[in-house]
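Here is a protein to look through, one piece at a time. Keep the structure open while you read, and find each part as it comes up.

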Amino acid sequence: MAKLWCLLCIITLLQLSKPVISKREVTTPPPLPVLPLPSFSQLKWQERELIMFLHFGVNTFTDSEWGTGHENPAVFNPAGLNANQWVNVAAEAGFSLVILTAKHHDGFCLWPSKYTDHSVAKSPWKNGRGDVVQELVNAAGAHGGIDVGLYLSPWDRHDRRYGHDLQYNEYYLAQLQELLHKYGKVREIWFDGAKGSNVPNMSYYFSDWFSMVKELQSSINIFSDAGPDVRWVGNEMGFAGSTCWSTINRTSLSIGNGSIVNYLNAGDPKGTDWLPAECDVSIRKGWFWHKSESPKRLSTLLDIYYKSVGRNCVLLFNVPPNSTGLISENDVQRLREFRAAIDTIFSTNLAENCFVKASSQRGGKGGGFGPENVLDGDHLWTYWTPRDEDSEDSWIEFRCTDKLRFNVIRIQEAIGLGQRVKQHEVYVDGEKVAGGTTVGHKRLHRLEKGAVKGQIVRIKILRSRSVPLISSIGLHYDPFWHPEKI
């Protein structure tokens, strides 16, 4: 009897010790990316949204835009130069990267280059021992939140080697090496094809230059008409096309080719290269400081913002230091107004208090891709996406308890998995109020007829490259927008 009892105990213990198999929740994977994709450094660049350009040099003292190359270095003497002021102004206005004209077309170098005597070393500023590039690097480093970029003009109106392909390309490449070796991390380097008429025929070895840049600083972004990391938008007014793809075919691009500006402006939905656009424009009429000029009106700057950042681009905003070596107070004040206006418009998202629903969602309820993701703080890696079979004619909708009054609609895509939206429309209480093609990192619709009131806001994705990935949506009120006065 005792043996039987022991046997029953053993059987019971074995049954109790059997592993319990539970059903584990399996997370729905994200959809496949749509190529091409941005690099890590391109994503970081896109998230900046605003970059400051500093045009500064001998032109600042000669009241010129394009110097002749024959300027006496003695004219350069910014007695009150304070790069800390430049950096503080940039930070206060929301710029995280400052690009300096280390050398403009006149060939005068803002650092003591050992390859030429046409530089600050021959100027009276700091008795020839000054270095503007180093001043900016030091100021940015001390601030901690500002990065540095550099522009080295390919066209050089001073150097006698210009027009002799081999000799000048060696000279230019040597100066590139100087800048990228000596001054630490450079986040963006700027190239263009600008040159005047009746100048010596000159072939730039861009491929050699770009290869050297990437060898010296692999995380840098290279800007030019043809990239390879950032492309020119095709004008100097700061406006992108109403259709603006970050994708384009680099084989169709060449630097200094005026016939491709429309292609640069719009990009290409079938493009094989991720090459987003940068919109360059000056706060004043000119690029260099001129005593006779004043900053553009706030309404103009806001219009530029909506047509650059609001059309999937980064805005490169030129703010030229004056002959004292400071950013002029009227420019500083205009930038303060600009920053305050942007904060006023976008600090409040009226959609946050609304109920959000969608036509469908990947993985169903709880799958991780629900419409609530468009209201979180992550504008890149969390998103709403419909089921694969609903890639077109899908929608996301906000239902609000009270009527909202707004005049700006913000839509953002999760571009880390590719740019997708081809066509979209926005409806308020069943009435269409806005529509467009591309979205990309950010699309801002400032309503043409002014503010609207409504309780139901629906955004329809009519056409898309694979399923759309909408990372963020905002409804905002812009008190500075008065279309009836235009």
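## Two helices side by side

In this predicted model, helices α4 and α10 pack with an angle of about 25° between them, and their axes are 9 Å apart. An angle under 35 degrees counts as roughly parallel. So α4 and α10 are roughly parallel to each other. Where do they touch? On the α4 side, the contact is made by Gln-85, Val-89 and Glu-92, and on the α10 side by Val-332, Leu-335, Arg-336 and Arg-339.

Now look along α10 itself. This helix has 18 residues and reaches 26 Å from its first C-alpha to its last, close to the 26 Å expected. Its buried residues are Asp-331, Val-332, Arg-334, Leu-335, Phe-338, Arg-339, Ala-341, Ile-342, Ile-345 and Phe-346. Here's a handy thing to know about helices: with 3.6 residues a turn, residues three or four places apart point the same way.

## Another partner for α4

Helix α4 (residues 83–92) also packs against helix α5 (residues 132–143), at an angle of about 50° and with the axes 8 Å apart. That makes α4 oblique to α5. The crossing of these two helices is right-handed.

Which residues make this contact? From α4 they are Ala-83, Asn-84, Trp-86, Val-87, Asn-88 and Ala-91, and from α5 they are Val-132, Glu-135, Leu-136, Ala-139, Ala-140 and His-143.

## A helix under cover

Next, find helix α6, which covers residues 165–182. Helix α6 has 18 residues and reaches 26 Å from first C-alpha to last, close to the 26 Å expected at 1.5 Å a residue. Just after α6, Gly-184 takes a positive phi of about 75°.

A disulfide is a covalent bond between the sulfur atoms of two cysteines. How many disulfides are there here? The count comes to one. Cys-354 is joined to Cys-400, with 2.1 Å from S to S. Cys-354 sits in the loop between α10 (329–346) and β11 (355–358), and Cys-400 is in strand β12 (residues 394–406), so the pair ties together parts that are 46 residues apart in sequence. The torsion about their S-S bond is about 95°, so the disulfide is right-handed. Are Cys-354 and Cys-400 buried or exposed? Both are buried.

The cut-off for a disulfide is 2.5 Å between the sulfurs. Cys-244 counts as buried because its relative accessibility is 1%, and Cys-313 counts as buried at 0%.

## The whole protein

Time to zoom out. The protein has 10 helices and 18 strands, and its C-alpha trace spans about 110 × 70 × 40 Å along the principal axes. Of the 486 residues, 56% are buried.

How do contacts relate to the sequence? Take the contacts between residues at least 6 apart in sequence: 77% of them join residues at least 24 apart.

Notes:
Residues are numbered from 1 along each chain as its sequence is written. This is a predicted model: local features need pLDDT of at least 70, side-chain atom pairs count only at pLDDT 80 or more; totals for chains, interfaces and linings use all residues. Side-chain values use heavy atoms; hydrogens and water are left out. Helices (H or I, at least four residues) and strands (E, at least two) are DSSP runs, numbered from the N terminus. Buried means under 20% relative accessible area, exposed over 50%, partly exposed in between (1.4 Å probe, protein chains only). The expected span of a helix is 1.5 Å times one less than its number of residues. Axes are lines fitted to C-alpha atoms, for helices over the stretch in contact, and angles run from 0 to 180 degrees between N-to-C directions. Angles under 35 degrees count as roughly parallel, over 145 as roughly antiparallel, 65 to 115 as roughly perpendicular and the rest as oblique. A crossing is left-handed if the near helix is turned anticlockwise from the far one by less than a right angle, and right-handed if clockwise. Contact means heavy atoms within 4.5 Å.
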